[in-house]
Amino acid sequence: MSSAQIEIQLIASVVAIACAIPGTFLVLRKMAMISDAISHSILPGIVIGFFITQDLNSPLLIFLAALTGIITVVLVEYIQKTGLVKEDTAIGLVFPTLFSIGVILIAKNANDVHLDVDAVLLGELAFAPFDRLLIAGADVGPKALWVIGSILIISVILLIAFFKELKVSTFDKGLAASLGFSPAIIHYGLMGVSSITTVGAFDAVGAILVVALMIAPAATAYLLTTNLKHMLIYAICFGVFSAISGYWLAHSLDASIAGSITTMLGLLFLAVYLFAPTKGVIAVMYREKQQRTEVSLLTFLLHLRNHTEERERHVNHLNEHINWQKVRSKTVLDLALKNNMIKFDKNIVSLTEKGNNFTSQAIDYIITNEDSKIEHMKEDFFLFRG
Amino acid sequence: MDKKKIPVSAGRIAVKVDDLTVAYNYKPVLWDIDLEIPEGVLMAIVGPNGAGKSTLIKSILGILKPIAGSVSIYNQPYEKQRSLVAYVPQKGSVDWDFPTTALDVVMMGTYGSLGWIKRPGQKEKKAALEALEKVGMLPFKGRQISQLSGGQQQRIFLARALVQNASIYFMDEPFQGVDATTEIAIINILKELRKAGKTVIVVHHDLQTVPEYFDWVTFLNVKKIATGPVKDIFNDDNLTKTYGINYKVSIQE
């Protein structure tokens, strides 16, 4: 690996970490769309800042762009508060307006300078190592790394200092307000950090793809954990993993780095969405099937208990009586046998003592409306699950 | 519970509301409310849907900004008396899929006394565990909150308020969507709080249980209709004034 390659991966990873931190809270606050709006509407801020400073990495430019980000949030909330339109409509009204102002400003005034819409929207990570930061004539590394690195350090400090406040105001705004942690301050603080991070990251991945780095790792982590701290850590790991693997994907395909990173984020989310152990699609389907079989089993056992007459309990009649398809009846019958709940006596099915115990306990819970306890009961009785 | 020394019903006013008017988009939801809640009562706020019951609590707690009027807690503005007040919001007001555990939610009750930046430590954890024990939820302390039943979630909220060790408790429909056992468990805790000299204010929907559960009641329907001891003012006259002529229908619901 050349030093430029290492630097690119380093920048991408730092951007990913810096995005994952505010991203986690945006996802939990159901504000993913706001990050999309911010990423677009900072364009006029960047353009105006660029006119003043003539430097894409100037702190003033970052500050101005972040300010436009906050203005976006304020405008969205203001329009929404009138009650005339809903939040998503308000977002859809505000950011294209601000964005188009930026586009016009670039077209009118910045044609002859190094600032074009593509550069802002898509970024070009491959060029980042060329723009060096010189301190007293000495090369101390790529400028982008210093910019996003400083932003990352600030957000980590803020995160550690205000973790408890962020958590309580995200979970329960009313409680936060009554305890004296103004939800508005925390809200705008988070919006400010998100805006600054977006601006800092646009050099690397562009203002649009930064949305992917904020939302996708957090959304992926959300499927895997029930602990806020773990969610943050997972989101950071997913971001870094996608950044580095995305870089090598781009390298082997000779494609855009930002595009490849985002593709990796998408693939990662898809994999977790399908295979996550408890919330994943496949796990949910498996659990539902298990539930269905176990409910059928209980129905079947209840039937056996209710009918003492042999006619009702004859194997050949069970199919018609309970009105199940052959396959299902067989699954249920097998499960009951495996768990020693029933026994056969010349094709007549009857409950074993254990089956009888299980069924009467289950009925008790059903009639006292404590269905949830049946789940725990299964632990005590089942040798095999459905 | 170190505030037991405050004498019960010594005639002090715990909460005083003066000329409070709250409006959403200039449409008044509460109109010129004057209310005095004496210390040590277990009070129900009753009224039909849209009467402004939750709004009243939220504006006392500074969550909503009134357009007129003032609120005082023991003769001081709310901001100065935060530590004396605990709040149990409606269960539906939070996202129960939030990645956190029962213990963690109860710990949030201790954040107010910590203030900004300071982190909860062993002392706060102990208080939270004790509160969980009190509401019978200790075995569930590590459970993710979405995996709790409605009644258990309500108990967690109650534990979170208990851990604040406040003098005044505001609760927004704590009996909503809980089973009979949990309802009894909750009301027993509320009665215990009153015995300890605390003031408990509950937004309540079930008119039938008012005389059994509460000793003080406020009738509210945009304006305040009446407030006082249940045995004196919980009568047909006030119910009709609050719910209209058809209040008996709403009882039977």
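Q: Which residue forms a salt bridge with B:Lys126?
A: In this predicted model, the partner of B:Lys126 is B:Glu130, with the closest N and O atoms 3.2 Å apart. A salt bridge here is a side-chain nitrogen of Lys or Arg within 4 Å of a carboxyl oxygen of Asp or Glu.

Q: How far apart are B:Lys126 and B:Glu130 in helix H5 of chain B?
A: They are 4 residues apart in helix H5 (residues 122–134) of chain B, so about one helical turn separates them. Helices (H or I, at least four residues) and strands (E, at least two) are DSSP runs, numbered from the N terminus.

Q: Is B:Lys126 buried or exposed?
A: B:Lys126 counts as exposed because its relative accessibility is 53%. B:Glu130, at 41%, counts as partly exposed. Buried means under 20% relative accessible area, exposed over 50%, and partly exposed in between (1.4 Å probe, protein chains only).

Q: Which residues are joined into one network by salt bridges that share partners?
A: That network consists of A:Glu7, A:Arg132 and A:Asp139.

Q: How are the residues and chains labelled, and what was counted?
A: Residues are numbered from 1 along each chain as its sequence is written, while chains are lettered from A and ligands numbered from 1 in the order in which they are written. The model is predicted, so local features need pLDDT of at least 70, side-chain atom pairs count only at pLDDT 80 or more, and totals for chains, interfaces and linings use all residues; side-chain values use heavy atoms, with hydrogens and water left out.

Q: How many salt bridges are there over all chains?
A: The search of the whole structure finds 12. One is between B:Arg160 and A:Asp172, at 2.8 Å from N to O. This pair crosses between chains, from helix H6 (residues 150–162) of chain B to the loop between H6 and H7 of chain A.

Q: Is B:Arg160 buried or exposed?
A: B:Arg160 is buried, because its relative accessible area is 0%. A:Asp172 also counts as buried, at 2% relative accessibility.

Q: How many salt bridges are found across the interface of chain A and chain B?
A: The rule finds 3 there. A:Lys30 forms a salt bridge with B:Asp95, with the closest N and O atoms 2.8 Å apart.

Q: Which helices of chain A each supply at least two residues of the side that touches chain B?
A: They are H6 (143–171), H7 (173–179), H8 (183–222) and H9 (228–253). The largest share, 10 residues, comes from H6(A).

Q: How many residues are in contact across the two chains?
A: 29 residues of chain A are in contact (heavy atoms within 4.5 Å) with 30 residues of chain B.

Q: On to another topic: where is A:Thr197 found?
A: A:Thr197 is found in helix H8 of chain A, and at 0% relative accessibility this residue counts as buried. Leaving aside neighbours within four places in sequence, A:Thr197 is in contact with residues including A:Ala18, A:Ile148 and A:Met214.

Q: What does chain A span along its principal axes?
A: Its C-alpha trace spans about 95 × 50 × 35 Å. Chain A has 15 helices and 4 strands, and buried residues make up 49% of its 386 residues.
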